[in-house]
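Visitor: I would like to learn how to read a protein model. Could you take me through this one step by step?

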Amino acid sequence: MKRNRRLYQILLVASFLGGNALILFGISSVLSYLNTGADRTSMLHLEVTMDEVYLPKIEWGSLENPGRPMEEQTLDEIQKDYLNAWYVRNVAYMKNDPYGIADYYTDSARIRLYEQIDLNTQNGNWYKSTTLSHHPELDFYSEDGTLVIFTDHKVEHYQETYRDETLLFKQRDTLSYRVMLLLEDGFWRIRHMMAVEPPKEPSKALATNMERRLHPVRAIQGTNYYPRDTPWDTFGKKFDENIVQHDFGLIQDMGLNTIRIFIPYEDFGKAQVKAKKVALLRSTLDMAHKNGLQVIVTLFDFYGDYDVTDWTLTQRHAETIVKAIKDHPALLGWDVKNEPDLDFGSRGRERVLAWLREMVQKIGQWDTVHPVTVGWSSPEAAVNLAKEVDFVSFHYYGEPHAFEAAYSALRQAVPDKHLLLQEYGFSSYDGIWNAYWGSEEDQAAYYAEMQPILEKEGIPFLFWGLYDFKEVPTSVVGRLPWRKQPQKHFGIFDIEGKPKAAYPHLVNKKEQ
């Protein structure tokens with residue numbers, strides 16, 4: 001009996017201690033939540049971080065404050081919550097759903113946003129919008145650290161207005177904002193934000209002479225380049241400097257002076273560009289320079305979204321790459337995108353052109369020395385954005401006898417820009433999928449007819465391409481064999497690296 005009583009007492013004490021432990025754990029968890037705040041990604045129902053959905057350029061100006069100095073950690077928190085506020089507003093206007101607004105705006109600031117959402121819903125309107133850059137400057141930071149006022153100068157804002165599924169109009173503006181943020185529940189919420197006209201500044205002329213920028217374009221004679229064993233994957237796991245060096249030596253021996261290379265968007269890390277990939281790109285430019293070759297860098301290979309909500313991510317991608325190599329001596333110019341007109345049908349012509357127009361402008365700001373172009377799939381498509389690009393690039397895979405007429409039509413449509421034949425060529429494939437209508441001799445005959453035309457007209461060119469390939473990725477031309485098989489045989493060197501019959505027609509005899 002005594003033994004049972006003692007056991008009962010032990011159980012009571014253990015139960016008491018265990019219960020108190022659970023209570024203390026619960027209290028500490030609540031306090032921890034209140035002190036640190038809920039994760040905003042989960043509050044927004046996002047399965048990815050904000051870095052993967054919205055990355056506008058932000059550069060702080062003066063942080064001088066007559067009262068309390070601005071702490072680095074506090075500034076990071078202010079910046080994060082402020083940009084998140086812009087993002088949730090953009091999403092709310094796109095979905096006409098106020099979800100998330102309460103997390104980043106105070107009670108009084110929400111009223112106007114809710115009213116706008118209600119009005120949009122009634123009228124059937126909705127917006128796709130984004131901000132592209134912010135330049136905030138601190139005006140006031142309170143002694144108690146709970147209130148901050150700053151002016152966000154020259155906010156670049158782009159918006160598309162829709163009614164149901166119809167695009168009504170597009171608008172791009174640059175405004176400044178007077179912003180007040182309050183610290184509530186551990187987070188900075190917008191209390192007040194008022195748009196103000198930015199001060200007008202005198203326009204600045206570009207320091208670089210356009211003719212000097214374009215001079216190398218007129219002399220281009222070269223090829224589009226992929227290594228023989230890694231087509232459409234130049235900078236992948238099998239990257240080999242010895243192979244690239246060897247190939248560039250072949251191109252130099254032909255008397256050519258330019259190559260065009262391609263940067264895959266996802267492979268390079270999308271918005272978070274991988275330093276290792278940039279190092280491989282720089283190494284490729286180094287080898288090109290050693291072999292006397294200029295390089296046209298084509299960005300955004302295998303990219304095809306173009307949506308406004310994606311703009312800040314693609315701009316961070318391009319900015320990182322452009323600024324990393326813009327001073328390299330081998331760089332000739334930038335090609336924003338390969339054959340974007342092929343996406344007109346699936347993505348919408350205006351959507352694609354709006355993205356391109358913005359990217360051309362941005363690249364021109366990040367690099368004021370090298371010219372910018374877009375690689376259109378045909379002479380007919382190359383009239384798009386002709387005024388915006390520095391020189392016009394087009395591809396041609398038609399019959400040689402029809403080339404001069406197509407070129408002449410483009411020249412008449414774009415009389416004041418340099419033209420580059422950026423891709424052209426002929427497949428030597430002679431299998432069942434083209435009824436055996438092809439051969440190395442036919443390929444040689446194609447270049448025998450094309451090269452004199454280009455020489456007579458003084459047309460700069462980049463032929464497609466250096467090598468035949470054993471395999472072509474399905475993502476390039478699809479699975480259809482009558483498209484895939486011919487694509488393997490456009491090279492002037494076969495899969496063993498031996499020159500084909502077309503080779504002599506592409507050797508620059510003037511340089512021999």
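Guide: Let us begin with contacts, meaning heavy atoms within 4.5 Å. Among contacts in the protein between residues at least 6 apart in sequence, 71% join residues at least 24 apart. Before going on, please note that this is a predicted model, where local features need pLDDT of at least 70 and side-chain atom pairs count only at pLDDT 80 or more, while totals for chains, interfaces and linings use all residues. Residues are numbered from 1 along each chain as its sequence is written, and side-chain values use heavy atoms, with hydrogens and water left out.

Visitor: How many helices and strands does the protein have?

Guide: Helices (H or I, at least four residues) and strands (E, at least two) are DSSP runs, numbered from the N terminus. Here they come to 16 helices and 13 strands.

Visitor: What percentage of the residues count as buried?

Guide: Buried means under 20% relative accessible area, exposed over 50%, and partly exposed in between, using a 1.4 Å probe and protein chains only. Of the 512 residues, 51% count as buried.

Visitor: Which residues have the most contacts inside the largest nonpolar core?

Guide: In soluble globular proteins, nonpolar side chains tend to be buried together. A nonpolar core is a set of buried Ala, Val, Leu, Ile, Met, Phe, Trp, Tyr and Cys residues joined through side-chain atoms within 4.5 Å. The largest one has 96 residues, and those with the most contacts inside it are Trp 334, Phe 403, Leu 421 and Tyr 424. Helix H11 (residues 349-366) supplies the largest share of this core, 9 residues. A second, separate core of 33 residues includes Ile 78, Tyr 104, Tyr 105 and Tyr 127.

Visitor: What span is expected for H11, and what does the model show?

Guide: The expected span of a helix is 1.5 Å times one less than its number of residues. With 18 residues, H11 reaches 26 Å from its first C-alpha to its last, close to the 26 Å expected. Its buried residues include Trp 355, Met 359 and Trp 366.

Visitor: In what order do the strands of the open sheet lie?

Guide: Two strands pair if DSSP finds at least two bridges between them. In this open sheet, 5 strands follow the order E1-E2-E3-E4-E5, with mixed pairing. Strands E1 (57-58) and E5 (187-196) stand at the edges with a single partner strand each, so one side of each is left without a neighbour in the sheet. Strand E4 (residues 166-184) and E5 run antiparallel and are joined by 9 bridges. The bridge partner of Leu 181 is Ile 190 in E5.

Visitor: Which helices pack against these strands?

Guide: To read the angles, take axes as lines fitted to C-alpha atoms, for helices over the stretch in contact; angles run from 0 to 180 degrees between N-to-C directions. Helix H9 (residues 311-325) lies across E1, strand E2 (125-141) and strand E3 (147-163), running at about 60° to E2. H11 packs on the sheet too, touching E2, E3 and E4, and its direction makes about 55° with that of E4. As for H9, 12 of its 15 residues are buried, so this helix is largely enclosed by the rest of the structure. Among the buried residues of H9 are Trp 311, His 317 and Ile 325.

Visitor: How many aromatic pairs are there?

Guide: A pair of aromatic rings is described by the distance of the centres and the angle of the planes. Rings of Phe, Tyr and Trp (its six-membered ring) pair if their centres lie within 6.5 Å; planes under 30 degrees apart count as stacked, over 60 as edge-to-face and the rest as tilted. By this rule the count comes to 38 aromatic pairs. Tyr 82 and Phe 150 form one that is edge-to-face, at 5.0 Å centre to centre and 85° between the planes. Tyr 82 lies in helix H3 (residues 72-95) and Phe 150 in strand E3, so the pair ties together parts that are 68 residues apart in sequence.

Visitor: Are Tyr 82 and Phe 150 buried or exposed?

Guide: Both Tyr 82 and Phe 150 are buried. There is also one aromatic cluster, formed by Tyr 424, Phe 426, Tyr 446, Tyr 447, Phe 461 and Phe 463.
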